[in-house]
Structure formats: structure tokens, C-alpha cells
Amino acid sequence: MGADMTAQPSTPVPRPAAPEPTTSEAVSSAQPTAEPATVRPAATLPETSQTTPDGHDPAPAARRSRFGNPPRGPLLLGLGASLLMLVGGFGAGGTLIRDPWLTNSPVGFWRYGHGSEIATALVYIGVVLLAWAWIRLGRDVLAGRVGGRAVLSTAVVWLIPMLVTPPLFTRDVFSYLAQGALPLHGFDPYAVGPDVMPGVFTDNVHFFWQDTPAPYGPLFILLAKGTAALAGNNIILGVILMRLMLCLGLVMLVWALPELTRRMGGSVPVALWVAVANPLMIIHMVGGGHNDLLVMGLLAVGGLFALRGKCLLAIVIVSAAMAVKASAAVALPFVVLIWAMQMPGPTRTVRIVKAIGAGLGVFVVTFGLISVAAGVGLGWLPALSAPSMIVNWLSWPTGAGELVHWVINLVFTVPKQPFINVARIVGAALLVWIAVKQWLAARDGGPDALRRAGIVLLAVAVLSPATLPWYLSWGIAFLAMAPWSRKHLSWLVAGSLWLVIVYYPNGEDALYNWGYLAVCALGCLLAAWSLHRPDPLGPGRHSPVALSEKPGDPVTATGAGQRPS
């Protein structure tokens, strides 16, 4: 999994007003273009007039242009949603056992009784409004009305409140801090759980994980150790520092995404909408604070360097991703194939063998150096069995085992665990078959190898013994940059929103609350339909974009559907 510790700029000089365009110019300017706008020399700018002929100050428009002219409606709607979740999170999120600000204070009621119920309602209202904002932004992306810069600017505005909110839909960040504090107190985080170390970090770890050793790699232990050292005993500071550290992964993802998307044939605005503006990113990855965000960023950067021909560096970076979470190791064989196609050799087989040998050497050295720097050994490998402790049907094999047991149990009373164990063995065999098939199909290397790596990473997420919502981010680190059809984008909407709400805001799972899940499923399907129909409840009122394209066509950079030649 490893197993996640959750219970289930300056103001620009104003430019002079441009002359009114002709009709043909107006049409032309409305189309996206890859050519940069012509900037007039500073000497030609007027020095006395600071307004346009109609008396308006052009500075705000220039500032908005710098950020891509993000659409105001989705931007403000999403910001309001994030602020609601921020406020509600203090009473309904992963709250502290003893909050130094709220406990025994005049606003302490927010944590209990009716106050907590109101806080929970605010969080869910925020989730719905953020989903609505994301759909509205997606329509603008698919219609070609906004570009990548606007999508990114909008997502950043949505993300800012999430940097200081209490953990949402999880308590994992408290486990991260406790595991980082263990070596500071002389304990091996791969041998003992947080419960051996009394203190504020341990107190806030969920009871399910109190005695579980860390299942994360040495790089994450090193980073968590540094974060815990900086925080001292201030757990609120620790949560914020941990979240900021994990957001380095988001920065890496955003840096690599444009070029990686162009190389993989996708659309940059669509990729940003899928990977960065996604509520799963806003709420779970940043608001929840999951180390999977680091994995996403390292995988994206490693994949980009591999396609650039810097495969040795790519393997170092992907090895670092594995030193955060073991699941990232799945990408290494595909990076090796990209390297093999760039090596000299008489046959493809010889090149692949050479690349495998070189790749193994680079991996061993990289992982060894990281382990030495972290001061740990390989004790984290046994802790990888922790996924078996989580039993929920988000894992397809586990769900299949539970379903078969339920059917048989209608007639015979039998224990559940044997059915789950058998189903997990079948799931592991299926995962191996998928991985081998995709690796063999990727032998020519290139961008297709990364796409297939993303497929296998998704398979790992859903076929592992346990699945948690944020695990799906591993595959999105590559698949977001590939071409998307409109049908698949609809499924993405439904799936992303579904994964947001299958846990309660306090971090407990809602996977067996069937009435709640049924209502949420209907909402997710409505949202998916709304992406291509602005008024999904109005019969016969279709979006012009939806009418002009076929659902299976890939989405291009301008949002138009186009059949492959």
C-alpha cells in the first residue's frame, strides 16, 4: 500500500487600449493559439494615461490575463466551498483529542452535539459546491473557453484554504507525525507503533494504528522525522508543516504536467482539470494530507525525464517515489523499457537486458543511500502486510470475497475470512497477469510505456488486499496526461466524487452505510451527466459542445472531438 493510517507578483504596466477588431479578427482571436502574444516595447507605452478611453483602469484585466483569465463563477464558487470545509473541519474533520484553541473555549460547542452536526453539514455543502464548481470549470475546458493557466489558477485558489484546515476525511497525518517522532525518541519506526511513545502525536493517532509499525519507505520516514523535529510538540504546526511538505509533490506534478502531456498526446487544460482541480486532489490529497501526493509528483517528474532521454536520473527519481510508498515500484520496469529503446544494441532483447541490469544497479545504489540517510534498514518490508488488516469492498478482491460469503451465508453459517483470503489470492494472480501483459505490450518504450504504467498502477490500487480512495492517484500521475474521451471523462467525474464521499469527514469509513451510499451514487451520476449537459434535469436542452461531438472521440487541446487518423 503501504497501508494508510486511516480508519476506514507586481502590477503590470497598463497597456493602451487596442483598436476594435474587424469581424474576421474577432473570430480569429477567439480561437486558442500556441503563438505568444506580441508585447509592445516599454518605450511605446503611454506614460500619462492610466485608463482606457471609457474611463476604466486596465490593470485588473491585465492581472487576470496574467493568470489566464480564470472564469469568475467556478473560481468563486470553489473558493466558497473550500472556506465552508475549512470552517466545518474544526468540528467535523480529523479533530484533535484536545484542541488548544477550541477545548474549554466559548466556541468549543463546535466540536460536540449540535455544533458538530452543523459543522458536518458545512463540510458536505462544501463538497457539493466544489463538485459543482469543478463541473462548471470542466465545461469551459471542453468548450475551449479556458486554457491551462486558467485551470491552474482556479485550482490554486481552491487549494489555499485547504493548507490550514484540520485533516478532512482522514486522520493519517497524525500517524505520519508520530512515525516521524519515533526515531527522534530513539525508537525504530519499523519495529514498533506510536503507542510506545506517549505524547500529543500519539494521542491523536487512530486506535486502529496505534501499535502498527510504519509501512512507508525510508525517504518518507526521513521527511516525517524532519517535520516532527520542526513542529516540536505543536501538533497544529506539525499538521500544517506536513501538508506543506507533501505539497512539494503537487509542485512537481504541475511542473512536469505540461510537457509530459504534450509528449503523451493529451490536452494540457484537460490534464490539469483531471489531476489538479479534481476534488479528490483538493479534498483528499491536500485537505487530508496524504503522502501519495509525493508519489504522484515523483512519478510524473521521473516519467518526464525518461522521455527526455535522461533515464538514469528518471530511475533515481522513481526509486525515490518507491522510498515513499512501495507501490511506486511498479513504474520502474516501464522506465527501464524506455531506457532500453534509447540504448545501442543489435536487438531489442539485448537492449532490454542491458537496461534491466543498469536499472537494477541504479535502484540499489539510490535506495541504499536513502536508507543510510534516514538511518533505517529494510524493516519496513514486513510492515507492508498491514493492508490485510483493512477489510473493505473498495478492494475488488476483498469485495468479491465478501459478496460470495454473503450469498453462501444466506444458507450456511460460515466464517468470512477464508472467502476474502481466496479472493485476494485470485486478485494477486490477476494483477500479475495484467502487469506482465502491459509490460510486454510496452516493449517499444516511449510515451506508451508510461500510459501502460499508469494502467498497472490503477490495477495495483484496486486489486491490492486493501484499497483507499487516494490510492487511485498513483495511476492518474500518468493517465491524466494521456488523451481522454468524453465518455471516460464522465466516468472520471463519477468515480472521483464517489471516492471523496465514501469516508466520513472525521476519517471513519462509510462503505457499509448503504442508504447514504445510494444517495451519493445518484449525485455522482448526475454530476457525470452534467459535464456534457449544463442543465441535466431539463429535457431536450443539450450543451452545444455535446451535440457537436461524439462521446467516444478523444478530447483535443481546444476541447473539440477528433477521430484518430
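A pocket is an open set of grid points where a 1.4 Å probe fits, with protein on both sides within 12 Å along at least five of seven lines. In this predicted model, the second largest pocket holds about 1000 Å³ of space. The protein chain that forms the model has 22 helices and 0 strands, and 52% of its 565 residues are buried. The points below treat the pocket, the nonpolar core, the aromatic pairs and the surface in turn.

**The second largest pocket**

- The lining of the second largest pocket consists of 32 residues, and those closest to the centre of the pocket are Leu458, Leu472, Ile476, Leu479 and Trp484.
- Two or more lining residues come from each of the helices α10 (268–275), α11 (279–289), α18 (447–463), α19 (473–479) and α20 (486–501).
- Helix α20 supplies the largest share of this lining, with 7 residues.

**The nonpolar core**

- The largest nonpolar core comprises 165 residues, and Phe220, Trp273 and Leu299 have the most contacts inside it.

**Aromatic pairs**

- The structure holds 15 aromatic pairs.
- One of them joins Tyr216 and Phe220 in an edge-to-face arrangement, with 5.3 Å from centre to centre and 70° between the planes.
- Both members of this pair, Tyr216 and Phe220, are buried.
- Another pair, Trp393 with Trp514, is stacked, at 6.2 Å centre to centre and 20° between the planes.
- Trp393 lies in the loop between α15 (348–374) and α16 (396–409), while Trp514 belongs to helix α21 (residues 514–530), so this pair ties together parts that are 121 residues apart in sequence.
- Trp393 counts as partly exposed because its relative accessible area is 23%, a value between the limits of 20% and 50%.
- Trp514 counts as exposed because its relative accessible area is 53%, and the exposed class begins over 50%.
- Trp393 and Trp514 also belong to one aromatic cluster together with Trp498 and Tyr512.

**The surface**

- The protein chain exposes about 24900 Å², of which carbon and sulfur atoms supply 68%.

How values were computed:
Residues are numbered from 1 along each chain as its sequence is written. This is a predicted model: local features need pLDDT of at least 70, side-chain atom pairs count only at pLDDT 80 or more; totals for chains, interfaces and linings use all residues. Side-chain values use heavy atoms; hydrogens and water are left out. A nonpolar core is a set of buried Ala, Val, Leu, Ile, Met, Phe, Trp, Tyr and Cys residues joined through side-chain atoms within 4.5 Å. Buried means under 20% relative accessible area, exposed over 50%, partly exposed in between (1.4 Å probe, protein chains only). Helices (H or I, at least four residues) and strands (E, at least two) are DSSP runs, numbered from the N terminus. Accessible areas come from the Shrake-Rupley method with a 1.4 Å probe; for residues, only the protein chains shown count as cover. Rings of Phe, Tyr and Trp (its six-membered ring) pair if their centres lie within 6.5 Å; planes under 30 degrees apart count as stacked, over 60 as edge-to-face and the rest as tilted. On a 1 Å grid over the protein atoms alone, a cavity is a set of points where a 1.4 Å probe fits but cannot get out, and a pocket is an open set with protein on both sides within 12 Å along at least five of seven lines; lining residues have an atom within 4 Å of a point. Grid points are joined across faces, edges and corners, and a volume is the space filled by probe spheres set on the points.
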